[in-house]
Each structure stands twice: as structure tokens, then as C-alpha cells.
Amino acid sequence: MNEDSGAPLLVIVDAANVVGSVPDGWWRDRRGAAERLRDRLAADGVPGRAGPVEIVLVVEGAARGVESVPGVRVESAGGSGDDHMVELVEREAGRARLVVTADRELRRRVTELGADVAGPRTVRP
């Protein structure tokens, strides 16, 4: 992990992938599921990560428009959520970045750019 900049760890959370990792009826209310994930991140942060973190929750599709809250910046992807997350990783080169997703192709793309990856259980009980 590259931590040269002194900036806090940037944690980019793939909302659709994390929400979809548990079959709890999220598909009936995608926006509500993303808001619950946002609220859990705001309350709990990233378990097991000491020190300051900057959390960015990337939403797409029916979850677009979810508002940011203190502790979690929400970004609505205009197109592909995966592409948006890759752009965030590229834009923040020079600092430690962790992408939370189980999507294999996204994991491959961001690790090629020097980001670390973790699965949905990192932020979801």
C-alpha cells in the first residue's frame, strides 16, 4: 500500500456489490439499501482499520442521488460504477487506497493501479 502522501486511507466502497452480497431483499429498495450501508459506514467506519480514513461510497442506477453524510462522501456514477471507482483510484494516486468489492474484474483493474482490495464482509456484518 502506498502511503507516501500522508493523507488518510481512501476507502472506496462499491455500494451495489456490497449491498448485493447479502440476499436481504435489497432489490426491492436499492436506494434504501444504499442509504442503510452509508449510515452503517458513517457509524462504524471500516472495522479493523486504525487511524483516519476517508470513505467514498459509489452508487449507481436506482441508488443514484443518495446524499452524503458526515464521515461518508457519496458519489453517484454517471455511467458505470466500476469505471467511476477506477477513475477515483487513478485520481488519488500517491495515497493509500482500498477498494471494497467482490467484483473480480474491478479488483483486477484497481490492483493494477496500486490499490488494495477487500471483500464486502470488510464493511458488512
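Predicted model: local features only at pLDDT ≥ 70, side-chain atom pairs only at ≥ 80, totals over all residues.
The C-alpha trace extends over about 40 × 30 × 25 Å along its principal axes.

Of the 125 residues, 41% count as buried. When contacts between residues at least 6 apart in sequence are considered, 58% of them join residues at least 24 apart. The chain exposes about 6400 Å², and carbon and sulfur atoms supply 47% of that area.

Charged side chains come next. The chain carries 18 positive and 21 negative side chains, and the centres of the two sets lie 5 Å apart. A search of the whole structure finds ten salt bridges, including the pairs described below.

One of these salt bridges joins the side chains of Arg124 and Asp24, with an N to O distance of 2.7 Å. This pair links distant parts of the chain, its partners being 100 residues apart: Arg124 belongs to the segment after β5 (116-118), while Asp24 sits in the loop between α1 (15-19) and α2 (30-44). The two partners can also be described by their accessibility. Arg124 counts as buried because its relative accessibility is 12%, under the 20% cut-off. Asp24, at 42% relative accessibility, counts as partly exposed.

A local pair is found within helix α2. Here the side chains of Glu35 and Arg31 meet in a salt bridge, at 3.4 Å from N to O. Both residues lie in helix α2, four residues apart, which is about one turn of the helix. Glu35 has a relative accessibility of 25% and so counts as partly exposed. Arg31 is likewise partly exposed, at 34%.

Another salt bridge ties two helices together. In this case Arg109 pairs with Asp83, and their closest N and O atoms are 2.9 Å apart. Arg109 lies in helix α4 (residues 104-112) and Asp83 in helix α3 (residues 81-91), so that the pair links distant parts of the chain, 26 residues apart. Arg109 counts as partly exposed at 24% relative accessibility, and Asp83 is partly exposed with a relative accessible area of 33%. Beyond such pairs, salt bridges that share partners bring Glu54, Arg73, Glu75, Glu92 and Arg95 into one network.

Helix α3 also holds Leu88, a residue worth a visit in the viewer. Leu88 counts as buried because its relative accessibility is 2%. Leaving aside residues up to four places away in sequence, Leu88 touches Ile12, Val56, Val58, Arg73 and Glu75.

Gly78 is found in the loop between β3 (72-76) and α3. With a relative accessible area of 72%, Gly78 is exposed, since the cut-off for that class is over 50%. The C-alpha atoms of Gly78 and Glu60 are separated by 7.3 Å, although these residues are 18 apart along the chain.

Pro70 occupies the loop between β2 (53-59) and β3. At 78% relative accessibility, Pro70 counts as exposed. Its C-alpha atom lies 6.9 Å from that of Ala42, a residue 28 positions away in sequence.

How values were computed
Residues numbered from 1 in each chain as written. Heavy atoms only, no water. Buried < 20%, exposed > 50% of the residue type's maximum accessible area, 1.4 Å probe, protein only. Contact = heavy atoms within 4.5 Å. Areas by Shrake-Rupley, 256 points an atom, 1.4 Å probe, with all protein chains shown as cover. Lys, Arg positive; Asp, Glu negative; His and termini not counted. Charge placed at Lys NZ, Arg CZ, Asp CG, Glu CD. Salt bridge = Lys/Arg side-chain N within 4 Å of Asp/Glu carboxyl O.
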